[in-house]
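Welcome, and thanks for taking a look at this one with us.

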Amino acid sequence: GEVLKNLNKFYKRKEIQRLGAENGLDARLFHQAFISFRKYIMESSSVSADLHIILNDICCGFVLLGHVDDLFPFFLRHAKQIFPMLDCMDDLRKISDLRLPPNWYPDARAIQRKIIFHAGPTNSGKTYHAIQRFLSAKSGIYCGPLKLLAHEIFQKSNDANVPCDLVTGEERVYTNEDARQAPHVACTIEMCSTNTPYEVAVIDEIQMIRDPARGWAWTRALLGLCAEEIHICGEPAAIDLVTELMYTTGEEVEVRNYKRLTPLTVLDYALESLDNLRPGDCIVCFNKNDIYSVSRQIEARGLECAVIYGSLPPGTKLEQAKKFNDPDDPCKILVATDAIGMGLNLCIRRIIFNSIVKPTVNEKGEKEIDSITTSQALQIAGRAGRFGSSFKQGEVTTMHRDDLVQLKEILSEAVPPVKAAGLHPTPEQIEMFAYHLPDATLSNLIDIFVSLSQVDGMYFVCNIDDFKFLADMIQHIPLNLRSRYVFCTAPLNRKEPFVCTTLLKFARQFSRNEPLTFDWLCRHTKWPLAAPKNIKELVHLEAVHDVFDLYLWLSYRFMDMFPDAVLVRDIQKKLDNIIQIGVCNITKLIRASQSAAAPGTAEAVSEDFPLSRTKKDARAVSDRHGAASTEALSIAVEAAGLRRAKNLRPSRLGSRQEDLKSYGRGSLANRLLREGLLTQEMLRQLESEWQDQHRNGRYGFGSKRDDQHRSKETGKKRK
């Protein structure tokens, strides 16, 4: 007891905390080191003799011989054993010093660049003017946030007889047959070269410099592009930050302001019913299940609709946009996510927000549900009444009357200024860290880098959760650091299990030095694939398309190991066509999915658990369904839940109508996950409990008496 009392006294001493900080132990590391040190002293049978003597002197109260401060050298020695970086802290701090990003680009600093900021809302012509200058230049580079945008500029440029290449993470298209670089290039922003000189560079959607995950790419382009003129396009909210950043490089910013070219009116009434739809309407949902539900209900009214959401391949998005825009096509309604906010030219008369809350990821990488921001609302609403389309003015409203007041408030607020630009550790910096900490995993190296990194107020370090997720996933595979880093920067959605397991297989085979061939990929994806018969099959085809993207992305980084890019691109185009067929028949797929999940519950997806429209509603959903049975939520585990429902006898399924809403239940769990009200860990626990009950013969589809009996049995067990 006396030892513990003195150890705690040591921990609380301000002088000791100060000494710890001087030796590289911040508050978090100091706490962790102390917990480990205390455990070592209290539980170890082999404490060193000198430490034993010091402890004895302190505990016996020999003031002249021992004081708690005398423990510090032993504490520091222990801390260095568990945190090896403490021995080389000065070197690591220098490597992770991110306070002068402009100095990383000496080529750009060697020239005096002219910076022109084209500021304005959506549909104001700001990008058009920047592109006109790009086309008239002797050489130029366009940097955009999406493959679709890069492709559009590539097409526009070549149509104007200005030879232009296309460079994205997954694709290189050269206008010259011998693959010589053309003077102009359109690329996704992560792919821009900071070494090649150009006359003109265009950086589109500059406000994305604040993006928690991708902001670093805009910072790199802004500070590093070697062009005589840099034309920046985006929201006025980014003007001040760009001006400040350019002040540090000694470059002045010329601002050109643009106003919207066509009027945009916020209506005084909500749609309230899908019966009130008109040609040119676009319903915006922030949830794929709502896309399915709304499109099903629209077609039930005898109307055709196009569907666009983020995980669709670019070709399918363009095809759906073309169908909606075609005046001779009977399809006059569009149902879409906020994927329409960028990259697609659409002839929309009226934007209708189905909901004004959206699941988001905060700066810590945690999922939250919150109202859409003014910037997001303006970006989406601004798609209505595009200049040059058949609609000379745009309109915007909501599906529900309650949301309209809040939408008007959101749209009337000023967009908050962009405060900081994103940064990301480079491969070279991580390699230098690894040299000093050879035993640390890549995930730990990144953690240590971020914790030690120093940035000034104009910058922040981007969220690296996706990187760490992949680093942990492939940690057990023997790869050199540079290759491991490349695999961890692969652009994939970690919520897609099939894509993640494919990356794991790619890495494993790569580590054995076995090329990933076309035949291997066909076997793995079971190519050729048929048109989807239900939503689950459509989602799988989208995942396979992402796997092909992943292969193509890796093929440009490891050509010898991913040698069949041409063949893979061919089958990816075929797959895009198959997905297009599925999306064109999406309502049939929804019907098939609902009948497979629970016959007779056609509208369960929309009526049972509608996506909450406000934060208050979100909490209500949580309260309302928080007490839902274990069976109901566990059935939501995608494939498992549907399989169980299929395997049960029809007579058993028919015994209770209220338990037939398994699709609704699945929808609930997916929604709770998406809205951050339920975690994967909670879902796994529910799944485990469901399986326990399943093994005991309780399927969750019995009579009311069975439910009561189960409740009593559970109560007895708890007692």
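Glu395 is part of strand S16, which covers residues 394-398. Please keep in mind that this is a predicted model.

- Is Glu395 buried or exposed? Glu395 counts as buried because its relative accessible area is 15%, and the cut-off for buried is under 20%.
- Its side chain has a polar partner: the side chain of Arg278, at 3.0 Å.
- Leaving aside residues up to four places away in sequence, Glu395 touches Leu264, Thr265, Leu267, Arg278, Arg349, Arg350, Ile351 and Ala384.

**Strand S3 and its partners**
- Strand S3 spans residues 164-167, with Cys164 and Leu166 pointing one way and Asp165 and Val167 the other. All four of these residues are buried.
- With strand S5 (residues 184-188), S3 pairs in the parallel sense over four bridges. In this pairing, Cys164 stands opposite His184 of S5.
- With strand S4 (residues 172-173), S3 runs antiparallel, and two bridges join them. Here Val167 stands opposite Arg172 of S4.
- S3 and S4 make a hairpin, with four residues between the two strands.

**Helix H11, side by side**
- Which residues of helix H11 (residues 239-249) are buried? They are Ile239, Leu241, Val242, Leu245, Met246 and Thr249.
- Just after H11 comes Gly250, which takes a positive phi of about 75°.

**The nonpolar cores**
- The largest nonpolar core has 151 residues, and the members that touch the most others in it are Leu25, Phe487, Phe506 and Phe562.
- Which helix gives the most to this core? Helix H22 (residues 535-555) does, with twelve residues.
- Leu25 touches Gly20, Phe30, Ala33, Phe75, Leu76, Ala79, Phe83 and Leu86, again not counting residues up to four places away in sequence.
- Another core, of 27 residues, lies apart from the largest one, and its members include Ala321, Phe353, Ala377 and Leu411.

Key:
Residues numbered from 1 in each chain as written. Predicted model: local features only at pLDDT ≥ 70, side-chain atom pairs only at ≥ 80, totals over all residues. Heavy atoms only, no water. Core = buried A, V, L, I, M, F, W, Y, C linked by side-chain atoms within 4.5 Å. Buried < 20%, exposed > 50% of the residue type's maximum accessible area, 1.4 Å probe, protein only. Contact = heavy atoms within 4.5 Å. Polar contact = N/O pair within 3.5 Å; in protein donor to acceptor, adjacent residues only side chain to side chain. Pairing = 2+ DSSP bridges.
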